[in-house]
Amino acid sequence: MTTSRLAAMRRVLRTFFWMRMCGRRTGFALRFDHVRPGQLDIRAADGVIRIAATAARAARIGSEAATVLLAPDEEGRIRHDLPGMRFLLWHDIPTGREIRVPLYRAHDYVLGGLRTGLSLTLFPFRHGADLIGYFLKGDSAAGDRLERALLPQLAAADHPPDAATGLFGAGPMPPLTEPVDIILPVYDAADVLTLCLERIAANTPEPHRLILIDDASPDPRVRPLLEDVVRRHPQARLLVNPQNLGFIGTVNRGLAEARGHVVLLNSDALVPPGWLTRLMAPILDDPAIASVTPLSNDAEIFDVPVECRARPLGPGEAEAADRAAARLNWRSALCDAPVGVGFCMAMARPWLELLPDLDTAFGRGYGEEVDWCRKTAALGARHVCAAHLFVEHRSGSSFGAEKAERVRANNRLISNRYPGYDLMVQQFRDKDPLVGPRLAVGIGMLGQGAPLRIYLAHRLGGGSEFWLQTRLEEVVTQNGAALVVRDAPGPDRLQVELYCREGITRCLVAPADLAAMLAGAEARHLVYSNLVGAEDPLGLIDSALSWLAPDDRLSVLFHDFLPLCPSYTLIGSKGRFCGLPGPETCQACYARLAVTSGKRPAAIATWRAGWRKVMDRADELIAFSEDSRAQLARVWPDLAGRIELQPHRPEHLPRRIVPPPEGPLTVGVLGSIGHNKGAGILHDLAQHAAPDLGIVVIGKIDPAFAHHRIRVHGAYRREEIADLAEHYRIRCWLIPSIWPETFCFAVHETLATGLPVFVYDIGAQAGAAAAAINGHLLPLGCEGAALDRHLRRHLGAGVTLPPALPA
């Protein structure tokens, strides 16, 4: 259809325009917290919204392309690059309030239009053959090439980094035979210093010399602690600065005393068992390595569980994180990095011979290790992260309140000295070569106490994804973390997302490595949410069962009917609801299915038997409507008593509106409308209805069903539904879905407006409409002109709307 191809091209060109929009807003007020109002600076360009904000608490931040949960760092800052180009929403979680942040001013639209026009000037000449092939011949491959040519920036916009394979397995480490000099500069902070010294004493059996340097601490508790260590440990030496030298001066004094390889250790770093051998192994193995830094909860690009997001650790989390790190193969977990982090950093003696001091230009400290690392890198040195070691860092004890200003000043000095350094760090963050170890250690850290919730989900969005994101917020608030596992494009990969209070760590992981990561959790609770669109749903769910120990829990949710049939909406080979017939009829239909979800066996009985094994293992089976429970019971009647009914509780329902008093009949349709959702019904209605009937889709429709009488609004927010209904003068709503939906948010949202809502007498949508006074059931098969007459007859009868909708 030429019309549908034009509609598709309009969508691509619309995105092309937004990709060329550039906008900048500074000082935008986030007035959620009257005690400490936040401030937001944003820059939108090339499909990315760069966020820099000060905020008092975590927020859910979203665009039309992505939503993330972000928490401020210890200085109250939030920085993030969010895919998006049209709008930004800032949702304050405690209050539930939301602000839509304007990205552009009037002149930005003018400039965006000019950039779009100039960019398209030569496009027909360069891609004429594909334009002809797509529009005149319907060549879909030519259409794909046109889209890639127009939108190359979006090709991998949401492609998560790929975790290295073979992360697990023991490997012998070089023996540590010569003493290592551990330099511990000390300034006050007696409480955490006590813990630090206790950990060193208990967890460092390897040969070492401990160089303690008291930088003129005013706290009278500090000196006795250090003197006691020296009395009890002959390998320890205490140096006392007669006056405060600051961190760099103190470290340089220790470096002058050192004779072997060195470890710089902050007095707020708490080392685990076996730490020194693991930290030194890379240096002993490769003379090109100048520095080694472990993973930590506060070590910037080496943070766990979320990169560059410091996390105060709860009881047992540091120990659990290091146990997970120690399970990694140390060679596979080794990662080159642009810099080391000085809270716990090994420094190789050959490179110290070349550069024996830290640069005092950095004042009292911060950034000096960056300078040393970049200078040695210029001489050919490597700097690595030893991801097979996790060291807790209780940051802030050394520098106190002055840290923020010190960071700002010394970062400017680094940027001036090494102009490419910031880009190097950003590229490291974009590629995130540490994402596999970060995920493995994060799962170990957060998978303690309450069972780690693991959701099996698809990548298609929609109602089940909306439910999942809402549920994830609740689970993270209650339990601290949750994991989402999705099928991924390409062979032998799964998309894994670790959600926690600090944000999300997302990557592609080999199934065997994921199984090994999950073994580090204390207990697991697997939740099957939805695997529609997976390449091999049965294979994936079967693998997921192997992650569980006998005492682990399994919940199965029925967001659709995939366990009953690969045609997960129960739309049969004839394009209509099959009605779940007997085995022979069902098999005949199954054999003729043209479009299904992923790989499937030859017989539907085999498919159902595979899923039945899952049901038998499950601790709970949950349906969201009475109709869904009845459909499942038709196939598995013996499970009827086990299926729990837990309807969703729709939130943020639109306000009630007054219908327009007169005018043409405008029918509103809400959501993303494909074949299963009734796109064919709408097309048929548009073709055969009386001339005064108009259709407005608040959402989108499959371009194959486009019609000039169907107006498509596009993406919307739930709080806009009532305003949009008034704007388009909608008289009634039509939910044209032709499959028995398991739960229908659109029905509840449209019913809340008070306007008449028409649905087919099928599925959960019919149950919701039947329970509301403004809901109307349509007989299946009522389409085209008959549907037009049915709508007019009911509306013309003067439907009396209730004063308020039932809850």
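Two strands pair if DSSP finds at least two bridges between them. Keep that rule in mind for this predicted model. Strand E19, residues 452–457, pairs with strand E23 and arginine 453 stands opposite histidine 525 there. Strand E19 also pairs with strand E20.

- Strand E19 is mostly covered, with six of its six residues buried.
- Leu452, Ile454 and Leu456 point one way from E19. Arg453, Tyr455 and Ala457 point the other way. Residues on both sides are buried.
- E19 runs parallel to strand E23, residues 524–528, and five bridges link the two.
- In this pairing, arginine 453 faces histidine 525 of E23.
- E19 is also parallel to strand E20, residues 481–487, again over five bridges.
- In that pairing, tyrosine 455 stands opposite valine 484 of E20.
- The chain gets from E19 to E20 through helix H16, residues 463–479. This β-α-β crossover is right-handed.

- Helix H14 spans residues 421–431, and its buried residues are Tyr421, Val425 and Phe428.
- Aspartate 432 follows H14 and has a positive phi, near 45°.

- Val110, Leu111 and Leu114 make a nonpolar surface patch of about 280 Å².
- Leucine 114 belongs to helix H2, residues 106–120.
- Why does leucine 114 count as exposed? Its relative accessibility is 53%, and exposed means over 50%.

**Backbone features in loops**

- Valine 304 and proline 305 are joined by a cis peptide bond, with omega about 10°.
- Proline 305 sits in the loop between strand E14 (289–295) and helix H10 (317–326).
- Alanine 216 is not a glycine, yet its phi is positive, near 55°.
- The loop between strand E10 (208–214) and helix H7 (222–232) holds alanine 216.
- Alanine 216 counts as partly exposed because its relative accessibility is 25%, which lies between the 20% and 50% cut-offs.
- Leucine 570 is not a glycine either, and its phi is positive at about 65°.
- Leucine 570 lies in the loop between strand E24 (553–558) and helix H19 (583–592).
- Is leucine 570 buried or exposed? Leucine 570 is buried, because its relative accessible area is 1% and buried means under 20%.

- Arginine 382 is part of strand E17, residues 382–390.
- Arginine 382 counts as partly exposed, at 26% relative accessibility.
- How far apart are arginine 382 and serine 291 in sequence and in space? They are 91 residues apart in sequence. Their C-alpha atoms are 7.2 Å apart in space.

Conventions. Residues are numbered from 1 along each chain as its sequence is written. This is a predicted model: local features need pLDDT of at least 70, side-chain atom pairs count only at pLDDT 80 or more; totals for chains, interfaces and linings use all residues. Side-chain values use heavy atoms; hydrogens and water are left out. Buried means under 20% relative accessible area, exposed over 50%, partly exposed in between (1.4 Å probe, protein chains only). Helices (H or I, at least four residues) and strands (E, at least two) are DSSP runs, numbered from the N terminus. A crossover is right-handed if, with the strands pointing away from the viewer, the path from the first strand over the helix to the second runs clockwise. Patches are made of residues with over 30% relative accessible area and no salt bridge: like charges are joined within 9 Å, nonpolar side chains (Val, Leu, Ile, Met, Phe, Trp, Tyr) within 5 Å. Accessible areas come from the Shrake-Rupley method with a 1.4 Å probe; for residues, only the protein chains shown count as cover. A salt bridge is a side-chain nitrogen of Lys or Arg within 4 Å of a carboxyl oxygen of Asp or Glu.
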